[in-house]
Structures are given as C-alpha cells and as structure tokens.
Amino acid sequence: MSELYSLTVRDLADRMGRGECSSVEVVNSLLERIENLDGEIGAYLSVDKERALDEARASDRRRETGQGLSPLDGIPIGVKDIFNVAGEECRCGSRILEGYVAPYDATAVARLRAKGMILLGRLNMDEFAMGSSTENSAYGVTRNPWNRNLVPGGSSGGSAAAVSADMAFASLATDTGGSIRQPAAFCGCVGLKPTYGRVSRYGLTAYASSLDQAGVITKDVGDAALLLGVIAGHDPADATSLAAEVPDYLQCLRTDLKGVRIGYPREYFVEGVEKDVARSVQGAIEECRRLGAEVIEVSLPHTEYAVAAYYIIATAEASANLARFDGVRYGLRAGGRDPLEMYAETRAAGFGREVKRRIILGTYVLSSGYYDAYYLRAQKVRSLIRADFQEAFKVCDVILAPTAPGAAFAVGERTQDPLRMYLGDIFTVTANLAGICGISVPCGFTDDGRPVGLQILGPAMGEEKILRTAYAYEQATPWHTRRPPIAGKEGVE
Amino acid sequence: MKKVDYLVNIGLETHVQLKTRSKIFCGCRNVFGGEPNTHVCPVCLGYPGTLPVLNEEAVRLTVITGLMLGSRINLFSKFDRKSYFYPDMPKNYQISQYDKPFCVGGGVEIDLEGGGRKVIGITRIHLEEDVGKSMHFESSSGVDFNRAGTPLMEIVSEPEMESPEEAYAYLQALKEILLYAGVSDCNLEEGNMRCDINCSVRPAGSEQLGTKTEIKNMNTFHGVLHALRYEVRRQIDILEKGGRIEQETLRWDDRAGVTVAMRSKEYAHDYRYFPEPDLPPVRLTEETVAAWRAELPEMPRARRERFVRNYGLPEYDAGVLSADRAVADFFEETARLCGQPKAASNWVMTEVLRVISEKGLEITALKITPRALADLIGMVVEGKINTTAAKEVFDVLAVRGGEARAVVEERGLLQVRDAAAIEEYVLAAIADNPKSVDDYRKGKKAALQYLVGQVMRKSRGKADPQLVLEELRRRLG
C-alpha cells in the first residue's frame with residue numbers, strides 16, 4: 001500500500017470514507033514528509049502543526065459519530081500566503097505585511113473549511129504575486145522538486161512545489177498572469193485557473209483586481225474538478241463574482257474526446273518556444289486527435305501585444321491596490337517625523353525590488369498626460385484579445401498551447417533581466433486579459449528531465465470543457481503518475 | 001471717487017453625507033459619532049483582500065437629488081479610483097466617480113437680496129466614499145475610521161454665484177431641497193454638509209473669468225459667507241494695487257478671519273483616476289428612474305408658492321411653514337381636517353413651532369396629531385372653548401397625545417353657554433361691584449369691561465364672553 005502522502009484527494013476521501021485511515025494519520029504523514037523534505041524545497045512559509053492536529057482529531061470525532069461535514073472532512077490542503085485566514089499572519093511573501101494577522105477568512109478558504117478541510121500551512125510565493133519564479137519572496141527562494149537548481153515557477157511556486165513533492169495533496173493558489181498554470185507546468189502538476197469571477201476574490205490580497213483569480217494546484221485533473229466545485233460560486237461579498245450555478249465538475253469527465261473541437265493557435269507555436277516543449281505539446285495534440293478530437297487551426301492575432309498590455313494594466317491596478325500598505329493600520333511601520341516620511345520609509349523598507357518596479361511602472365502609466373498612451377491603449381488591446389478568443393471559440397471548444405515557452409529555468413538565471421522574465425508569461429497572460437479559463441496538465445519532459453505543461457484554454461465558464469479535455473488526455477498518458485526523484489522511494493528519505 | 005467695479009464668480013463643491021442605514025461599500029452602520037473605530041470592519045478599514053459592494057440605496061438617494069435639481073440621469077455610470085496618500089484614507093485611494101457621474105446638469109433657484117430670483121447651474125452630482133478623521137494629541141496622532149465609507153454625494157455648481165450672499169442663499173436653498181428629498185439630515189455640526197469654494201473676481205466688462213482660488217473644507221454656511229467676503233475683498237485689493245491673483249488653495253482661519261494659503265504638499269496631486277475594477281458599472285433602467293421620479297416630493301419653493309396661492313397665507317408664513325417637509329405636512333393635514341387654513345397656520349406657527357423649539361424636538365416626536373389639533377381648532381371656532389383654554393389643552397396634547405375633546409372634558413374647560421348659569425354669574429358680579437355698576441350707568445364705558453372680567457373670574461374663565469357681555473348689557477340696561 002502506497003504512503004498516505006502520495007495519494008490524491010479523491011483516493012484519500014475514499015479511504016477515509018471506508019475508515020481505512022484517520023485524518024490524524026493523514027496529517028501526520030504529511031507533517032513528516034514536510035519535515036523531511038521542505039528544508040530542501042522551501043515551499044512552506046509556516047506550518048501550524050498543533051492546529052492541524054487539533055482539527056484532524058476534531059474531524060475524526062465527527063466522522064466517528066457520523067457527523068462528517070463532507071467526504072473531504074479531515075483532508076489537509078495548503079494555502080498560498082496571499083489568502084486571508086482568520087487568526088493567521090498573511091504576509092503575501094512581503095516584509096511590509098510582517099505582523100499582519102488577518103481578521104477574517106477569504107471566501108474560498110471559508111468554503112474549504114465548511115467541507116471540513118484542514119489548512120495545513122502557508123505556501124511561499126513571489127511577493128504580492130509579482131513574479132514568475134518565486135525568487136521574489138522576502139522569505140526565501142522555493143526550489144523545484146524535480147531539480148533543486150531550478151525555479152518552481154511563480155508566483156504560486158510554493159503551492160506547486162508542495163504538491164509536486166507530495167508535501168500537499170492540493171493547494172489553493174491565485175493566477176493573475178499565469179501564476180497557477182506556469183508553476184504547475186514547471187513542477188509537473190495540474191494547475192487550474194477558472195474564469196474571472198467563477199471563484200470569489202474576497203479575501204485574496206489584490207495584485208491586479210481585474211485579472212486576479214483563485215484556483216487550485218493538484219496532482220491530477222479529477223482533484224482539480226472536485227476542488228473547483230467546492231470553491232466556485234457566487235459570493236455577495238465580491239461584486240465581480242458570477243451568479244451562475246456550479247455544476248458537478250466530476251460528472252463532465254470522459255476518457256474520450258469524441259466530438260471535441262480543438263483549436264490550434266498558430267501564434268502559440270512560434271520561434272522562441274523551447275524545442276522540447278514544442279515537441280511535447282505537439283505530441284499532446286496528436287494524442288487528443290487519437291482520442292477522437294478534431295483539430296482546427298485558429299488565429300489569435302493580437303497575442304504579441306498581450307505581455308505589454310498585461311504589464312500596463314496589472315501594474316496600474318497594483319499601484320493603487322498596494323497603496324494601502326503605508327504603516328498606518330497594520331503590518332510594518334518604519335519611522336518618520338510626519339506621515340509622508342513614514343510612508344516613504346515604510347514602503348522603502350517593506351517592499352522588494354520587483355514590487356517597487358511594478359508600483360513605479362503602474363504609477364507612471366496612470367499619470368496625467370500618459371494615461372491615454374498607456375493605460376487606455378492597453379485596455380483597447382485587451383478588448384482585441386478578448387475578441388480574438390471569442391472568434392476562435394466560435395469554431396472550437398478548447399484551445400491547446402504550451403503553458404510557457406520554456407520549461408523551468410535555473411535559479412538566478414533571470415533575476416537581473418526582468419524583461420526576459422516577463423516575456424515568459426506570453427502564453428498565460430492572454431487568458432487573464434480575456435477573463436477566460438485555462439488549465440495546465442503535465443505532457444512530458446524535456447530531454448534533461450524538466451516537466452512540460454500543456455495548456456488547455458476554454459471560453460468564459462467553459463470549465464467543463466477544459467476539464468473534460470484535460471482528463472481524457474491525462475488518463476491516456478502516464479505523465480501525471482511521474483513523481484520527482486526526491487519524492488520517490490529512492491529520494492531523500 | 002468712483003473706482004472700477006468688479007464682478008465676482010463663485011462655484012461650490014458641496015459634499016453631502018447621505019442618510020443610508022449602512023455605509024456605501026460595507027454593512028457597517030452609517031451613524032455619527034460613537035467611540036473611535038467602533039463602526040468599522042475589514043472592508044471600510046481597507047484591509048488586504050477586502051472588496052467593496054455597492055449600497056444601492058446610496059445610488060437611489062443620489063439620483064433622487066439629481067431629479068429634484070432637474071439633472072439628466074446617466075443610465076450608465078461607473079466608479080473610479082482617485083489616488084492620493086493621506087492617513088485618514090484607508091486604501092490611499094478613494095472610490096469616486098470621474099467621467100460617468102450619476103447626474104449631470106440641473107440647477108438650484110435662489111432668492112436675490114434685492115428681490116427677484118436666479119437659478120444657479122449644477123455641473124454634476126457624483127457619489128463617493130467619505131474618509132476617516134485624523135485626531136491630533138499632544139505627542140501623537142490617531143485616526144478614527146467611523147466616518148470612513150459613509151456615502152458622500154458631491155454636488156458641483158457652475159461658477160454662477162455673483163456674491164458671497166448668493167453663495168449663502170444657494171447653500172440654504174440646497175439644504176432645504178436635500179432635507180425635503182430626505183436624502184440627508186444636513187446636520188452641519190455632524191459634518192453632513194461640507195464644501196469647497198472656488199472664487200474669482202474680474203473687472204466689470206471683462207468677459208473672461210479671473211484667476212480662481214480654492215478655499216477647502218468649509219463646514220458652516222456662515223463660514224462660507226465670511227470667508228467669501230474676505231476673499232473677494234482680498235482679491236479686489238490685489239487687483240486694485242495692480243497685482244495678480246495666484247491660483248492657489250486656501251483654508252479659512254475662522255478665528256483670525258482670514259484665508260491662508262495651504263502648503264503645496266497638502267494639495268498638489270495627480271489623482272491618477274482609473275476605472276474601479278472591483279465594481280461593475282451601474283446600469284439603471286428608464287423604468288427604475290421613472291419609479292423614483294414618481295416618488296419625488298414637491299419642491300419646497302413650489303410648496304411655498306402653493307401655500308400662498310391656495311391658502312391665502314402671507315409669503316412669510318408660507319416660507320416658515322414650508323421650510324421643513326414634516327412641518328409642512330403637519331400643517332397641510334391639519335388645515336385639511338379642520339377646513340381652516342389660516343387658523344391652522346397660526347396654531348402651527350405659534351404653538352407647534354414653539355413647543356418644538358422649546359423641547360428641541362423634531363415635529364415627528366410630538367404626541368399631538370393633526371387630527372387632534374384640527375379638532376381643537378374646530379372647538380375654538382365653534383366657541384366651545386376659549387383661546388386660553390385651548391392653549392392649555394394643546395400643551396397637554398403635545399406631551400401626552402390623545403383626543404382634544406377628551407382633554408377638554410377631563411379638565412372641564414368647555415365654555416359655559418347655559419343662559420341660567422351665565423345669568424347667575426352676572427347677577428353675582430353686579431351684586432359684588434355696586435361702584436362699577438354705578439360708574440357704568442353714569443357713562444363710564446370702561447366699567448363694563450371690568451364687570452365682564454369679574455364674571456369671567458367667577459366662572460373660572462369658562463363663561464362665553466360674548467354671552468356675558470350681552471347679559472350684562474341687558475341687566476344694566
């Protein structure tokens with residue numbers, strides 16, 4: 001029998017349902033795993049053992065008396081440091097929020113808790129979700145479980161690395177420009193970014209409000225479908241959340257792709273994509289064809305402007321969203337003789353380089369005299385990109401593409417070259433700009449053993465379509481069963 | 001020596017706190033005062049991860065104001081972020097409206113001092129959130145965020161007021177309308193109405209407006225009047241000496257009676273407006289706006305004119321009665337029930353307003369109903385009780401409520417009109433005052449009044465004075 005930590009959420013739910021293992025055993029298995037491995041990986045910022053075990057005992061008692069809250073009762077989950085959880089420090093990987101203890105639960109967190117799930121610990125991230133490598137955290141770098149010289153991707157690098165290394169069954173994360181899909185691809189996991197508004201943003205610390213979306217990183221597509229069903233749905237506390245009913249996403253999963261029309265966007269298969277990545281993704285498309293899908297070439301002509309538009313809109317919104325971190329009410333407060341000095345000193349001491357860079361960029365593009373040239377133009381590009389997808393989805397159900405142009409890169413390789421780092425987001429930012437959904441699933445490895453992610457994009461509220469496609473592909477291929485070497489039997493243990 | 005005449009242009013940006021139950025973007029109560037930071041939550045404190053949800057009642061009140069002022073209502077409206085750092089601003093941006101306010105255009109009619117009327121144009125009305133309040137102590141400062149998130153409506157006028165007195169009249173008229181519409185309590189002590197002033201002067205004959213100065217954060221109407229009188233004089237003095245007006249932001253030092261320039265750091269801003277991504281645009285339908293329009297109260301000025309026209313009240317009385325919507329309602333209902341508008345007007349203007357001001361109450365807190373007052377008036381008109389007794393009854397009704405007739409009977413105040421009883425009083429008075437009787441018979445008419453008084457005393461004020469007079473005349477022949 002395999003170790004408990006290596007199971008999926010659905011397997012665990014089954015076993016716990018049959019009384020084969022307790023929540024305390026499950027939590028202990030994971031705690032031990034974290035104890036053994038996380039010193040090398042650095043996925044968790046904090047793990048509250050006592051609380052997790054207390055909750056596990058409470059869960060076991062509920063199940064024993066037939067009062068389990070759901071099949072997920074007692075199953076632990078990791079949470080990206082960006083989510084507010086009542087009573088927990090929520091630092092967003094930043095010094096400026098040191099000491100800030102959230103007074104409330106984010107809606108997504110509350111929905112997981114309502115099912116009895118246990119919040120095991122907080123996962124590392126690029127500061128305020130700004131980054132693609134998890135090297136921008138004020139609390140240290142997270143490493144890729146497949147190769148510790150590589151980054152895990154970002155900004156949800158901690159969330160992806162923990163799942164990849166079997167230190168979490170699943171994790172809650174956010175995606176503003178690819179921050180779920182890209183680290184999932186780099187770490188060989190499944191990463192689901194739902195449609196904008198499908199999951200409430202209430203309680204996730206805002207980076208770019210019109211782009212941020214909460215989602216999950218899991219070991220397989222089934223778990224992503226299951227957990228999306230828990231966190232999705234309208235929330236009166238988020239005026240941008242969508243009212244539509246939440247379907248049973250597990251019901252839509254199929255092992256074939258008969259009747260599915262797959263869009264093949266030529267703009268996503270261009271020079272600059274790593275050879276091995278292109279090969280793996282092409283292979284995945286062939287596999288889908290074999291499973292019964294029809295492949296149709298589509299065009300997303302404004303793709304080349306997406307990164308520029310993204311970095312204008314995201315930084316503009318961020319410049320306002322992060323203005324509240326001023327030392328007045330919570331978190332870090334540096335000295336200063338008057339409020340203005342206090343702001344300057346607090347923000348100089350509290351924010352890292354990348355965050356400062358983006359605040360300055362965002363402030364600039366909104367400044368009087370520049371607004372029309374930058375922000376307004378970027379919004380026009382955004383409309384064009386949205387229209388591109390609307391056109392494409394008239395002739396196809398889903399679009400397949402690489403999640404990122406390359407696989408995981410080396411720690412330190414791009415920290416001095418922000419532009420190159422930004423360009424790596426080219427295939428993910430489009431979904432955020434258009435507000436559509438996307439999922440990254442493992443689709444192979446580069447010759448040197450780095451995981452490659454296949455991105456499946458769907459129209460707004462098209463989660464069932466992308467989950468169905470992802471599941472059929474996953475079930476037909478072995479990639480999701482592969483574990484990083486340290487996570488295997490011959491690993492560090 | 002006749003100098004050059006100067007023309008004055010004044011525009012006002014008036015901030016009005018709306019009377020909603022909860023704050024504009026969260027569920028906190030919208031009330032004045034309380035211990036610092038007790039009416040707050042993570043949303044109005046701008047905590048990480050929180051989101052605004054629009055209070056629709058604030059939208060309704062803003063649109064109602066626009067409809068009262070004759071504005072065009074934007075069916076598509078949106079919110080924007082206005083960025084600047086200030087300790088009393090929880091997010092360091094204010095959710096406001098930049099280019100799509102709820103209301104555009106309209107006007108406020110004022111009376112001119114020398115007679116006549118004038119309409120001051122309204123540019124726009126938009127909705128935003130109020131900020132907290134900084135408090136300064138000996139060696140530290142604090143912020144009370146109870147006020148943060150109070151719905152705040154900004155009414156921007158055209159620079160069409162041509163004297164400080166017109167600005168004052170504009171604020172009075174605006175306040176009257178806002179009270180009528182029930183959109184705000186307009187309580188100046190509680191900061192319900194605050195305004196920023198734009199003011200410029202130019203030599204008569206010059207077409208172009210002069211350079212304007214801005215006076216920030218005025219919170220009394222008299223302050224506005226005095227600040228403007230000072231500022232207009234100051235600007236004219238500069239021009240007379242051949243100087244130039246600096247475009248600057250000022251504040252009014254009430255104690256010293258002067259306007260003072262603010263440090264440039266305190267106001268120089270590039271607000272970097274951009275659309276608020278957390279709130280979808282607001283789309284109103286024609287039907288919704290029409291339904292709100294149908295509920296609008298009559299404007300105070302229209303009501304005043306109607307009181308003069310329909311009830312024959314003097315202009316002054318009509319003005320007093322129409323100034324407060326609840327008082328006007330009370331008056332009209334009383335007048336309708338007793339059919340005596342003049343008498344109703346007298347009673348409301350003297351007794352009702354007296355009791356309200358003595359007790360510091362709202363009219364709605366009075367126990368007397370228009371029905372009871374109308375009955376009381378009816379009894380006076382029919383001669384069933386005299387005026388002195390009626391005032392006594394009124395005081396009882398004001399405090400206790402109940403029916404007028406019941407109080408009159410309980411206190412035994414019905415006028416005595418019984419011929420036999422009056423004859424008895426009169427005979428007794430004649431018997432007790434032989435000297436006065438003698439005087440009267442010798443032609444001293446004043447003696448008759450004295451005798452009436454004596455009869456009234458014997459009847460403890462209840463005898464019908466008219467009947468007493470007649471009986472005395474008859475007996476004294």
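Helices, in the sense used here, are DSSP runs of H or I with at least four residues, and strands are runs of E with at least two, both numbered from the N terminus. Counted in this way, chain A of this predicted model has 15 helices and 11 strands.

**Chain A as a whole**

With 493 residues, chain A can be compared with a compact globule, which would have a radius of gyration near 23 Å; the value for chain A is 21 Å, which agrees. Along its principal axes, the C-alpha trace of chain A spans about 65 × 55 × 45 Å. Buried residues make up 61% of the 493 residues in chain A, and among the contacts in this chain with a separation of 6 or more, 76% are between residues 24 or more positions apart.

**The nonpolar cores**

The largest nonpolar core has 164 residues, and the members that touch the most others are I75(A), I77(A), F83(A), I217(A) and A224(A). Helix α9(A) gives the largest share of this core, 11 residues. As for I75(A), leaving aside residues up to four places away in sequence, its contacts are V9(A), L12(A), A13(A), V26(A), M117(A), I118(A) and F169(A). A second, separate core of 67 residues includes V328(A) together with L61(B), L69(B) and V224(B).

**Where chains A and B meet**

The contact between the two chains takes 33 residues from chain A and 25 residues from chain B. On the side of chain A that touches chain B, the elements that give two or more residues are α9 (306-321), α10 (339-350) and α11 (353-366), and the largest share, 3 residues, comes from α9(A). The residues on this side of chain A divide by class as follows.

| Class, side of chain A that touches chain B | Residues |
|---|---|
| Nonpolar | 18 residues |
| Polar | 9 residues |

**A sheet in chain B**

In chain B, 3 strands form an open sheet in the order β5-β4-β16, with antiparallel pairing. Strands β5 (93-96) and β16 (274-275) of chain B stand at the edges, each with a single partner strand, so one side of each is left without a neighbour in the sheet. Strand β4 of chain B, residues 80-83, pairs with β16(B) in the antiparallel sense over 2 bridges, and R81(B) stands opposite F274(B) in β16(B). In general, strands of a sheet pair through backbone hydrogen bonds, in either a parallel or an antiparallel way.

Definitions and conventions: Residues are numbered from 1 along each chain as its sequence is written. Chains are lettered from A and ligands numbered from 1 in the order in which they are written. This is a predicted model: local features need pLDDT of at least 70, side-chain atom pairs count only at pLDDT 80 or more; totals for chains, interfaces and linings use all residues. Two residues are in contact if their C-beta atoms, placed from the backbone, lie within 7 Å. Ala, Val, Leu, Ile, Met, Phe, Trp, Tyr, Cys and Pro count as nonpolar, Asp, Glu, Lys and Arg as charged, and the others, Gly among them, as polar. A nonpolar core is a set of buried Ala, Val, Leu, Ile, Met, Phe, Trp, Tyr and Cys residues joined through C-beta atoms within 7 Å. A residue is buried if 20 or more other C-beta atoms lie within 10 Å of its own, exposed if 12 or fewer, and partly exposed in between; C-beta atoms are placed from the backbone. The radius of gyration is taken over C-alpha atoms; the globule rule is 2.2 Å times the number of residues to the power 0.38. Two strands pair if DSSP finds at least two bridges between them.
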